[in-house]
Amino acid sequence: MANILNIKTSISGEGSVSSKLSQIVIDRLLEKDPLGRVVVRDLATEPIPHLELQHFNAFNIKDEDKNTREKEVSRFSDEAIKEIQEADIIVIGVPFYNFSIPSTLKSWIDHISIAGKTFSYADGTLKGLLEDKKVYLNFAVGGIYDNGIVESMEQYLRTFFGFIGITDLKVFRTEGTMIPEFREDNLQKTVAEIETVIV
């Protein structure tokens, strides 16, 4: 029985293409594992605060040494890390806003990048602490770009997840979601890819 963490980041709610792709991925996974458990983290409706000095300072204090205020400041990080630690599979919807990932997703990344919890330099070399997990990234891009900008965001996320120990990562991507003549055909091609890959 797999634990699936569904991370939503789109502000578009029910109209979100990235969330739709993520749901198709999850449905396929549940077909393979009907007893799978899904936990939803919606960063659009319940965003994690952008990283501030108070968060960073609290991250560097051992849990047992934190005062009440520091524990409260660390709450967002603690909850997010617990969710990803317990997950076997992480499914993330990634819309493309102004040539980048949503800032809420970057905040989530900042709050789970904690030394001693998701990575370590304890022996002098980097070691990611979250192993034996799989990530599915579901990109929805409004335009169609040939300048490598989308690929650079994919590479950023691959690099981050590798940093915390997760190297089993698959990307599904549909482009032209804001261009009527391309939207549906491109979306169906991506859906067909999902159905082919997850069997």
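What radius of gyration would a compact globule of 199 residues have, and what does the chain have? The model I am showing today is a predicted one, and for a compact globule with 199 residues we would look for a value near 16 Å, whereas the chain has 17 Å, which agrees. If we take the principal axes as our guide, the C-alpha atoms fill a box of roughly 55 × 35 × 35 Å, and the accessible surface comes to about 10400 Å², of which 52% belongs to carbon and sulfur atoms.

Let me turn to the secondary structure. Of the contacts between residues at least 6 apart in sequence, 77% join residues that are at least 24 apart.

Now to the inside of the model, where 45% of the 199 residues count as buried. In soluble globular proteins, nonpolar side chains tend to be buried together. Here the largest nonpolar core has 33 residues, and those with the most contacts inside it are Ile 90, Ile 92, Leu 105, Trp 108, Leu 137 and Phe 161. Several elements give two or more residues to this core, including strand E1 (3-8), helix H4 (75-86), strand E3 (89-95) and helix H6 (149-163), and H6 gives the most, with 5 residues.

As an example, please find Leu 137, which, if we leave aside its neighbours within four places in sequence, is in contact with Ile 92, Val 94, Leu 157, Phe 161, Leu 169, Lys 170, Val 171 and Phe 172. Apart from this core lies another, of 17 residues, among them Val 25, Ile 26, Tyr 136 and Ile 198.

Beyond its neighbours within four places in sequence, Thr 104 is in contact with Thr 9, Leu 43 and Pro 47.

On the surface there is also a nonpolar patch, formed by Leu 51, Leu 53 and Phe 56, with about 300 Å² of accessible area together. Leu 53, which lies in helix H2 (residues 53-59), is exposed, with a relative accessible area of 59%.

Finally, the charged residues. Side chains of opposite charge can pair when their charged atoms come close. The count for this model comes to 15 salt bridges, and I would like to look carefully at Arg 75, whose side chain meets that of Glu 72 at 3.3 Å, N to O. Glu 79 also forms a salt bridge with Arg 75, the closest N and O atoms being 3.6 Å apart, and because Glu 79 and Arg 75 are 4 residues apart in helix H4, they are separated by about one helical turn. Arg 75 counts as partly exposed, at 31% relative accessibility, and Glu 79 is partly exposed too, at 35%.

The side chains of Lys 170 and Glu 193 also meet in a salt bridge, at 3.6 Å, N to O. This pair links distant parts of the chain, with Lys 170 in strand E7 and Glu 193 in helix H7 (residues 180-197), 23 residues apart. Lastly, salt bridges that share partners join Asp 63, Lys 66, Asp 78 and Lys 117 into one network.

Conventions: Residues numbered from 1 in each chain as written. Predicted model: local features only at pLDDT ≥ 70, side-chain atom pairs only at ≥ 80, totals over all residues. Heavy atoms only, no water. Patch = residues over 30% accessible without salt bridge, like charges linked within 9 Å, V, L, I, M, F, W, Y side chains within 5 Å. Areas by Shrake-Rupley, 256 points an atom, 1.4 Å probe, with all protein chains shown as cover. Salt bridge = Lys/Arg side-chain N within 4 Å of Asp/Glu carboxyl O. Buried < 20%, exposed > 50% of the residue type's maximum accessible area, 1.4 Å probe, protein only. Core = buried A, V, L, I, M, F, W, Y, C linked by side-chain atoms within 4.5 Å. Contact = heavy atoms within 4.5 Å. Rg over C-alpha atoms; globule rule 2.2 N^0.38 Å.
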